[in-house]
Amino acid sequence: MDETLLRRLQSLEPLMWINPELGPVAAAQVPVRPDQVVQAEANWRALAPLLQHCFADLEPSGGVIASELAEAAELAAALGLGAGRYFVKGDHALPVAGSVKARGGVYEVFLHGLSLARELGLVAPDAAPEALASEAVRARFGSYTVAVGSTGNLGLSVGIAARALGFRAVVHMSADAKPWKVERLRRHGVEVVQHQADYGTAVASARQQAEADPAIYFVDDERSELLFFGYSAAAAELRDQLAEKDIPVDAVHPLFLYLPCGIGGAPGGVAYGLKQVFGDHAHCFFVEPAQSPCALVQLASGLEQVVNVYDAGLTNKTEADGMAVAEVSQFVAQVMQPLLSGVYTVADDDLFRWLALAQDHAGLQLEPSAAACLGGPQMLLSTAEGQGYLAQHGLEGCMGQGTHVMWATGGSLVPEAEYQGFLQKGRALLA
Ligand SMILES: Cc1ncc(COP(=O)(O)O)c(C=O)c1O
């Protein structure tokens, strides 16, 4: 990595990095295919009746796991943002798991349940997914385990989904995991293994245990294509929501997306889907904590060798527990290298400030990781790097017609006392 960039990262000052490898979508050579996004959308539709049966909070939507797209003009003004339209994509309030992780974890666990039931002959090979909603299937699933490594939210999503189908569920958590997430999992009947180590170590240990036992299915956050494509279907949802609001996306109406990044699966899957739907008019930026910019250090170093945030002299210590990841998924790094516009970093104190602004100016309950999305437009519009990006893509003249979507990835399930603590901290920092 460039020495100047390394020194800037080590100074912990928030910065924006523009990806020099970004190219046209049509020319991108990546290890996944656009038809996999289309297949994921079809799979979600097929799963909807079963999901509706399994989760009371999916009753109103007919089994569809989707979030609102809310215009946030007052919040944008409070953030000091100028021309353009600003929206929050409300995955913080997604049903089932209260975070973007519902899109990946529920998808993978339910597809696994379906293929296991077929393999065991519990349902006919061509049976519809609803066939899983039987006591006989649940009873058999009780001798199979679904395991996952997680900083918290993926564990919630996978654990809740696995228990809903009758599986035994084991979540391996890193030392950063918040106690309330551990408690909530245990209330859902999920077994929690707490590691005194970072996220990568928790995942490696869970993977090793699963490899030794054929009755354990391991949801591999670092490598799973199923998770990735579960997230990718969010792009079609956003396309329909923008169309409903008559918001065009084209060469003179650019769309900017700000996506919080941990291991990279959620923002990578969503961004890959968005690039298929909107092509080069979607400009996707990841956001990472200043102490955990794992995608940034990997992409800025090239993909020849694995680089983590410790190699860059950083600690991986942050209040944004969902993003406390030292090493990005190599699979996601490969996919994003030609598709990602850039990455910006955030200071923890700003996360709390934005969390408070989101509550006070838009009534949104976000967790610190999710609040990171709110810093994106300012970084794009006010840093030299952001302005350079706009100039390079000929976009300076059309920013008044631009749309910014800040992807709020989690928060509605944070317990009241914990959330009030975040809010007070944010308001005190703002005062
Ligand atoms: C609230 C929140 N935002 C963002 C992320 C990042 O997702 P990923 O680790 O797939 O990059 C997470 C991950 O757990 C999260 O919990």
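The questions below concern the ligand site of a predicted model.

Q: Between which domains does the ligand lie, and why?
A: The shell around the ligand takes residues from two domains. Because both contribute, the ligand lies between domain 1 (3–98 + 228–430) and domain 2 (101–226).

Q: Which helix gives the largest share of the shell around the ligand?
A: The ligand is surrounded by 16 residues. Three residues of the shell, its largest share, come from helix H11 (residues 265–278).

Q: How many residues of the shell around the ligand are charged?
A: Nine residues of the shell are polar and five are nonpolar. The charged residues in the shell number two.

Q: Which residue has a polar side-chain atom 2.6 Å from an oxygen atom of the ligand?
A: Ile263 has a backbone N or O atom 2.9 Å from a ligand oxygen atom. Thr409 places a side-chain N or O atom 2.7 Å from a nitrogen atom of the ligand. The polar side-chain atom at 2.6 Å from a ligand oxygen belongs to Lys101.

Q: What percentage of the ligand's exposed area does the protein bury?
A: The ligand sits in the largest cavity. Taken alone, the ligand exposes 390 Å². Of that area, the protein buries 98%.

Methods:
Residues numbered from 1 in each chain as written. Predicted model: local features only at pLDDT ≥ 70, side-chain atom pairs only at ≥ 80, totals over all residues. Heavy atoms only, no water. Near = heavy atom within 4 Å. Polar contact = N/O pair within 3.5 Å; in protein donor to acceptor, adjacent residues only side chain to side chain. Areas by Shrake-Rupley, 256 points an atom, 1.4 Å probe, with all protein chains shown as cover. 1 Å grid on protein atoms, 1.4 Å probe; cavity = no way out; pocket = protein on both sides within 12 Å on 5 of 7 lines; lining within 4 Å. Sits in = over half its atoms within 2 Å of the grid points. Helix = DSSP H or I, 4+ residues; strand = E, 2+ residues; numbered from the N terminus. Nonpolar A, V, L, I, M, F, W, Y, C, P; charged D, E, K, R; others polar. Domains from an automatic or database assignment.
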